2 protein chains.
Amino acid sequence: MTPTHIEHIGIAVKNLEESIAYYEKVLGLKCYAVEEVTDQKVKTAFFMVGQTKIELLEATSEESPVAKFVEKKGPGIHHIAFAMDDVATSLKEAEENGVRLIDKEPRAGAEGLRIGFLHPKSTGGVLTEFCGKK
Amino acid sequence: MTPTHIEHIGIAVKNLEESIAYYEKVLGLKCYAVEEVTDQKVKTAFFMVGQTKIELLEATSEESPVAKFVEKKGPGIHHIAFAMDDVATSLKEAEENGVRLIDKEPRAGAEGLRIGFLHPKSTGGVLTEFCGKK
C-alpha cells in the first residue's frame, strides 16, 4: 500500500463559524460543505486546497473525541488522512507491521468515504486516518 | 492570496531514523532527502505524497522550537505549510487581516524556499507557514 495523496487534514476548532470565517477571509479558501457526523459527534466544514481538503471539526458533545482533544491539547491540527485505494487491506497491512489500530475494519466517514484510524501510540503521536472508496 | 496546495505537513519526531523507517515500512513512502536546517536547529526528512510533502523534524538542540514543542505536547503534527505564489505579499495581507506574524518578512527555509510563519494564537492553534519561491 502507498497513499496516492493527502486526502484531508483534520483541524479541531472551538467554534466552527469563527473558524470558517478565518479560513475564508485570511487564507482566501472557500467552504464548500458543512456536514454533521453524528457517529463522531462533530460538525465539519470542508475547504479544498489543491488535492487536499481542510476538514474543520467542532465537537457537538462533551463525549466527542474532538472535545477531549481540545480539552487536553487545545484547538489545532487533529489528524492526517491518507488517501488509500483499499482501506480494508491497508489497515490489515498496517496491523501486520505492528501498528495498533483504532478501527480493525473500515467504517463510514464524512462524504460517503470508508475510513479507519491508526492509534497515535503506534505512529509517533500522529493520529493517522486511511480514507478511500473501499 | 489563495494557496495553490498544501506544500508540506511538518511532523515533530523524537528520532528521525526510527520515524523514517515507520513512514517507509508502514506507509510505503520513500524518503527522498535528509537535510539539516541550522537556523531552526532541526534535522529534516522529506517524503512526497501526491502534491504534498511530509517533513519530519527532529530537534538538534534543546533550544530548537521543535524540542520545546515535543517537550510540551509530545511528538506529533507540528505545522501546515500552504504553497503561496508570493510569500511576502501573503504575510502582509494576513497581517492586514489582524493575524499576528512570527515572521514579518520571508526568510530562507528548507529546499531553498522562502518561508514565513503565522502565530498559532491568531490561527486557532494551528502553526501555519506560507511557503513559496518569492
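## Helix α2 of chain B

In this report, helices are DSSP runs of H or I with at least four residues, numbered from the N terminus. By that rule, B:P65 lies in helix α2 of chain B, and B:K72 is in helix α2 of chain B too. Please keep in mind that you are looking at a predicted model.

## A buried side and an exposed side

Let's start with what is covered. In α2(B), the buried residues are B:V66, B:A67, B:F69 and B:V70. Viewed down the helix axis, these buried residues fall within an arc of 160 degrees, so they line one face of α2(B).

What sits on the face turned away from the buried side of α2(B)? There you will find the exposed residues B:E71 and B:K72. B:K72 counts as exposed because its relative accessibility is 71%, and the cut-off for exposed is over 50%.

## A look at B:P65

B:P65 is partly exposed, as its relative accessible area is 43%. For a sense of distance, take B:P65 and B:L29, which are 36 residues apart along the chain; their C-alpha atoms are separated by 26 Å.

## The positive patch

Now for the surface charge. Which residues form the positive surface patch? From chain A come A:K72, A:K73, A:R100 and A:K121, and from chain B come B:K72, B:K73, B:R100 and B:K121.

Helix α2 (65–73) has a part in this on both chains: α2 of chain A and α2 of chain B each supply at least two residues of the patch.

How values were computed: Residues numbered from 1 in each chain as written. Chains lettered and ligands numbered in written order. Predicted model: local features only at pLDDT ≥ 70, side-chain atom pairs only at ≥ 80, totals over all residues. Heavy atoms only, no water. Patch = residues over 30% accessible without salt bridge, like charges linked within 9 Å, V, L, I, M, F, W, Y side chains within 5 Å. Areas by Shrake-Rupley, 256 points an atom, 1.4 Å probe, with all protein chains shown as cover. Salt bridge = Lys/Arg side-chain N within 4 Å of Asp/Glu carboxyl O. Lys, Arg positive; Asp, Glu negative; His and termini not counted. Charge placed at Lys NZ, Arg CZ, Asp CG, Glu CD. Buried < 20%, exposed > 50% of the residue type's maximum accessible area, 1.4 Å probe, protein only. Arc of directions from axis to C-beta.
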